[in-house]
Amino acid sequence: MATLRNRDREKLIQAILYFAQNTQHLGKTKLFKLLYLLDFEHFRHTGRSVTGMEYRAWKMGPVPIELMQEWDQLEPDLAAAIVIEPTRVIDHDRYEVRARRAFDPSHFSKRELSLLQVIAQQHRDALSQNMVDVTHAENGAWEKTWADGAGNDRVIGYALAVSESDPHRDAVLAAAEEHEGIRAAQGR
């Protein structure tokens with residue numbers, strides 16, 4: 001039980017390290033959106049997220065609620081991996097995530113590593129506002145859950161990442177159900 005939790009947690013920390021080392025302007029908003037893209041895109045193809053996090057629909061987009069809850073006081077394992085430093089931007093401080101140690105790719109599959117790389121390259125120089133636009137895509141999982149505010153703070157279901165017209169939808173959702181069954185049997 002604890003092994004799976006620790007594995008998900010380590011993958012989350014490593015994903016944050018990867019984005020910190022491979023993108024610019026990595027503040028909270030941008031990080032949350034990169035993690036959302038990573039998890040939902042991976043789920044769309046495999047029926048599994050990368051980090052195991054739950055995302056909620058908030059006005060500014062999807063929020064990984066567990067990470068949000070610890071943001072102001074990082075748990076020791078995350079605090080050992082990153083530091084959040086204020087950087088002056090014109091008239092305000094942007095809090096940027098900086099890596100304290102090197103990224104370790106051994107925690108990821110080849111598919112996950114490839115997806116990390118693609119997402120980081122696509123959004124390397126993007127500012128948080130551009131990331132808001134990406135995660136608010138029409139008919140996207142956040143938009144379907146948000147529903148013009150009616151879905152405020154609702155969990156964004158991973159199944160929404162798989163389009164109704166996707167020819168692999170049934171197989172992906174079956175894989176997701178099987179994965180959840182395994183996690184439940186292991187006490188997760």
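User: What do β1 and β2 form, and how many residues lie between them?

Analyst: In this predicted model, β1 and β2 form a hairpin with two residues between them.

User: Which residues of β1 are on its covered face, and which on its uncovered face?

Analyst: Tyr 55 and Ala 57 make up the covered face of β1. Arg 56 and Trp 58 make up the uncovered face.

User: What makes β3 and β4 a pair, and in which sense do they run?

Analyst: The cut-off is again at least two bridges. Strand β3 (residues 82–89) and strand β4 (residues 92–99) have eight bridges, so they count as paired. Their sense is antiparallel. Within this pair, Glu 85 stands opposite Glu 96 in β4. These strands form a hairpin with two residues between them, and Ile 90 in this hairpin takes a positive phi near 50°.

User: How do you know that the length of α2 agrees with what a helix of its residues should span?

Analyst: Helix α2 covers residues 28–46, which is 19 residues. The expected span is 1.5 Å times one less than the number of residues. For α2 this gives 27 Å, and the end C-alpha atoms are 27 Å apart, so the two values agree. After α2 comes Gly 47, with a positive phi near 85°.

User: Why is α2 called largely enclosed?

Analyst: A residue is buried if its relative accessible area is under 20%. In α2, 14 of the 19 residues are buried, so the helix is largely enclosed by the rest of the structure.

User: Why is Gln 24 called partly exposed?

Analyst: Partly exposed lies between the cut-offs of under 20% for buried and over 50% for exposed. Gln 24 has 37% relative accessibility, so it counts as partly exposed. Gln 24 lies in the loop between α1 and α2. Its C-alpha is 5.2 Å from that of Asp 125, although the two are 101 residues apart in sequence.

User: Why do His 25 and Asp 153 count as partly exposed?

Analyst: His 25 is at 28% relative accessibility, and therefore counts as partly exposed. Asp 153 is at 35%, and therefore counts as partly exposed. His 25 is in the loop between α1 and α2, while Asp 153 is in the loop between α7 and α8. Neither is a glycine, but His 25 has a positive phi of about 55° and Asp 153 has one near 70°.

User: What is the volume of the largest pocket, and which residues are the closest to its centre?

Analyst: The largest pocket holds about 380 Å³ of space. It is lined by 20 residues, and the closest to its centre are Ser 49, Gly 52, His 179, Glu 180 and Arg 183. The elements giving two or more residues to this lining are α1 (2–22) and α8 (169–185). The largest share, five residues, comes from α8. By kind, the lining of the largest pocket divides into seven nonpolar, six polar and seven charged residues.

User: What is the volume of the second largest pocket, and which element supplies the largest share of its lining?

Analyst: The second largest pocket has a volume of about 320 Å³. Among its 16 lining residues, the closest to its centre are Tyr 36, Glu 41, Gly 140, Ala 141 and Ala 161. The largest share, five residues, comes from α2. At least two lining residues are supplied by each of α2, α6 (128–135) and α7 (141–146). This lining divides into eight nonpolar, four polar and four charged residues.

Note on methods
Residues are numbered from 1 along each chain as its sequence is written. This is a predicted model: local features need pLDDT of at least 70, side-chain atom pairs count only at pLDDT 80 or more; totals for chains, interfaces and linings use all residues. Side-chain values use heavy atoms; hydrogens and water are left out. Helices (H or I, at least four residues) and strands (E, at least two) are DSSP runs, numbered from the N terminus. Buried means under 20% relative accessible area, exposed over 50%, partly exposed in between (1.4 Å probe, protein chains only). On a 1 Å grid over the protein atoms alone, a cavity is a set of points where a 1.4 Å probe fits but cannot get out, and a pocket is an open set with protein on both sides within 12 Å along at least five of seven lines; lining residues have an atom within 4 Å of a point. Grid points are joined across faces, edges and corners, and a volume is the space filled by probe spheres set on the points. Ala, Val, Leu, Ile, Met, Phe, Trp, Tyr, Cys and Pro count as nonpolar, Asp, Glu, Lys and Arg as charged, and the others, Gly among them, as polar.
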